[in-house]
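Here is a short briefing for a first look. Please keep the sequence and the model open while reading.

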Amino acid sequence: MEDNNRDNAYPGETVMPLISLRGLVVFPDMVLHFDIGREKSVMALENAMMRDQIVFLVTQRDTEMEFPTEKELYEVGTVARIRQMLKMPGGNIRVLADGLYRARVSVMIQEVPYFLCDAERIQIPPADNSSPGLVALKRTATAMFADYIKRSSKIPGLSTPNADQIEDPGRLADTIISNMDIKVEDVQKGLSTIDPVERLRLAVSYLTRETEILSLEDKISSKVKTQMDKNQRDYYLREQIRAIQDELGQDADADEEIAAMRRKLEELQLSPLITKKVTKELDRLSKLPPNAPDAGVIRTYVEWILDLPWNEADASEIDLHKAQKILDEDHFGLEKVKDRILEYLAVRALAGSDKGPILCLVGPPGVGKTSVARSIARSIGREFVHMSLGGVRDEAEIRGHRRTYIGAVPGRVISAIKECGKRNPIFLFDEVDKIGSDFRGDPASALLEVLDPEQNREFVDHYLEVPFDLSGVMFITTANTADTIPRPLLDRMEVLELSGYTEEEKFSIAKKYLVPKQIKANGLTSKNISINASAIRSLIRDYTRESGVRNLEKEIANLCRKVARKYVEGETGRHSITASDLESFLGKKKYHFDKLLGKNETGVATGLAWTIVGGTTLFIETAVLPGSGQLSLTGQLGDVMQESAKAAISYIRSRSSKFGIAEDFYKTKDIHIHIPEGATPKDGPSAGITMCVSVMSALTGRPVRKDVAMTGEITLRGKILPVGGIKEKVLAAHRMGISKVLVPKDNKKDLEDVPETVRNDLEFVLIGDVDDAVAEVFA
């Protein structure tokens, strides 16, 4: 019933997308599926899903018209809520919608790229349900509709609601008209009739006409000789074939297979719900011929359930000493991370439960996030399962596909559990910060059910349709940055930061782990090749520049491959590789500190920035030209960085006399600020002080020291505000050969996270305002 009190149940927004339907009329209080494929309809649907899932459904007059305009649409339609959408083979989208109320287009706001309109709700006049005439009309309509359903072969009675239970005349009329096999124009007339009593009279007139037509059809059908239905004939022949196969013993294999499945089901001792479900499917399978299409679908489904490790679990014993030893064997440094992992394992050992926070290892590529998770699995004796979430946009990847679709399979979570053969592995979700979403669903929301210990005890995969206990699984996630992880997902995780390695840490990692690993992987031994300390340090300084050690391992592997080739070609003897040999093996050096430092220049300042792959240096160049005070910003600067540049120039204008700058420079000079590597987008507040120094250098003609790097946000009063990523930025400065780093005073506490060896190599100056920076940067 279209009750006006339902206004509070739905948004008051009247501007909404409009979808034109062909050959279909949607009524209020009606839940139905329909398919859309036209680009305009798909865009309207996606817009509705991004807003409030409310859409206006209107039938078009001509079903053959591909691109209808407002004039080709009926005046009255139904405002509906989208309940579900699913992409079908062929590019169409199947939509499940719930009709809410009648409405008409008040104003058509736009027709391209999709219909957007202001829908005016139609108020339904009340009806006197106690009126004798209305009571008689409802009884007549109900009786005629029941007779129509009984006689019509096109409408299954079980799928139609009981009309005698509907009290409201308008809703009764809607139910009757929407379930009749009549023309779209007649159905639309029922929707457009506003008065409930008039609408019910219209429904009775339709029933009268259609009942007469059905009577004539029955008379014609009775005169035609009855033929055996094709399905009945096929069933009869199949039964005969089954009997013949039984006599020949050809069906024994199928029966034995089903019997084996029943025995395995009994041995598993699953819950009554699962046992009942599988038994029902096996009963269906036993009644089908082996080559029937449904037989293969049922057999695959039952095999999936029976092959899952319902009762198979690793009897893991948490030994902290063993865990400490394995973590030290596999990873150099990362002391804070190791300590937190050992605390995590200690709590689980004492609690005797797998419940606990989900660890999220966050850091640049190549710092060992995935290998840390593998070490945890090895230290407690559990299977390790890995799943990458990068680019995953379909929630079916997590929850699986429903069995109603061809080619349906379980989600990757259940698939991975089955492959590992244990119900309590260490499960790593890699790149959780790169998960996406679109019209196929939100994988992040589906992942909540998997990770939440209060929900995953009864995780239901759409394919299996039975609960599976994931509470014994120890979930770990990895990400390059926590900023892009969906907030509800991040709230369920504890973030462990894995920052970049120092040069000494990289050297130790390469010497202890990477070199022996690559020598073995390339079929060599220590008798064939050796890479001395000078070569390793040269690889770190001259051939790689990264936070992790991934590229360093690639370069070591490159050396080993070249030596392996020499041995295969017949060379003998031991190859001892030193720093002077690297150019003959790997080519010219990729990075040069002397080019980075060079001489001090006017208008060029060195800044420090944070990226998802670690810290990096940023060179900001400023040119001052005769002009009219225009400001040019190039290098793909983001909004925040552009605002920093404007704030820096405003501060310099306010203090121009102090710095010896002409007070009218902003009228007579054009300022061009550029950051090289223009193809790379850049943004963030950290470059504020660097821009200010660069502009000030260009205006005063004083060169900036190349061995000084800085970071900090600037205000209009010249104050330096704290920024993030200090450790990564300092490590980047250390890698680039910087000798002095200017850091905001409020970031003093963050310097404690910087490795001691790096702190000893660098000079740190804490700056509170621009004057502090000016005293340090000019040559």
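Predicted model: local features only at pLDDT ≥ 70, side-chain atom pairs only at ≥ 80, totals over all residues.

Residues are numbered from 1 along each chain as its sequence is written, and side-chain values use heavy atoms, with hydrogens and water left out.

**Helices α10 and α11**

- Helix α10 spans residues 320–330 and helix α11 spans residues 335–351. Helices here are DSSP runs (H or I, at least four residues), strands are E runs of at least two, and both are numbered from the N terminus.
- The two helices pack at an angle of about 155°, and their axes are 10 Å apart. That makes α10 roughly antiparallel to α11 (angles over 145 degrees count as such).
- Axes are lines fitted to C-alpha atoms, for helices over the stretch in contact, with angles running from 0 to 180 degrees between N-to-C directions.
- The crossing of α10 and α11 is right-handed, a term for a near helix turned clockwise from the far one by less than a right angle.
- On the α10 side, L320, A323, Q324, L327 and D328 take part. They meet K338, I341, L342, L345 and A346 of α11. Contact means heavy atoms within 4.5 Å.
- By class, this contact has 7 nonpolar, 1 polar and 2 charged residues. Ala, Val, Leu, Ile, Met, Phe, Trp, Tyr, Cys and Pro count as nonpolar, Asp, Glu, Lys and Arg as charged, and the others, Gly among them, as polar.

**Helix α12**

- Helix α12 covers residues 369–379. Its buried residues are K369, V372, A373, S375, I376, A377 and S379. Buried means under 20% relative accessible area, exposed over 50%, and partly exposed in between (1.4 Å probe, protein chains only).
- The cover over these buried residues includes α10 and α11. It also includes the strands β7 (358–362), β8 (384–388), β9 (426–430) and β12 (474–479).
- Just after α12, G381 has a positive phi of about 70°.

- T711 sits in the loop between β22 (708–710) and β23 (713–714). T711 is buried, at 1% relative accessible area.
- The side chains of T711 and K729 form a polar contact of 3.1 Å. Such a contact is a pair of N or O atoms within 3.5 Å; within protein, one must be able to donate a hydrogen and the other to accept it, and residues adjacent in sequence count only if both atoms are side-chain atoms.
- Beyond four places in sequence, the contacts of T711 include L608, S686, I689 and V723.
- D195 lies between α4 (184–192) and α5 (196–222), in a loop. D195 is partly exposed, at 29%.
- A polar atom of the D195 side chain lies 3.0 Å from the backbone nitrogen of E198.
- D195 and N522 are 327 residues apart along the chain, and 84 Å separates their C-alpha atoms.

**Backbone features**

- Most residues other than glycine have a negative phi, and most peptide bonds are trans.
- Q53 has a positive phi near 65°. Q53 is in the loop between α1 (39–50) and β3 (54–59), and is partly exposed at 30%.
- Q269 also has a positive phi, of about 55°. Q269 lies in the loop between α7 (252–268) and α8 (272–286), and is exposed at 67%.
- The peptide bond from V112 to P113 is cis, with omega near 0°. P113 is in the loop between β5 (93–110) and β6 (115–121).

How values were computed: Parallel < 35°, antiparallel > 145°, perpendicular 65-115°, else oblique.
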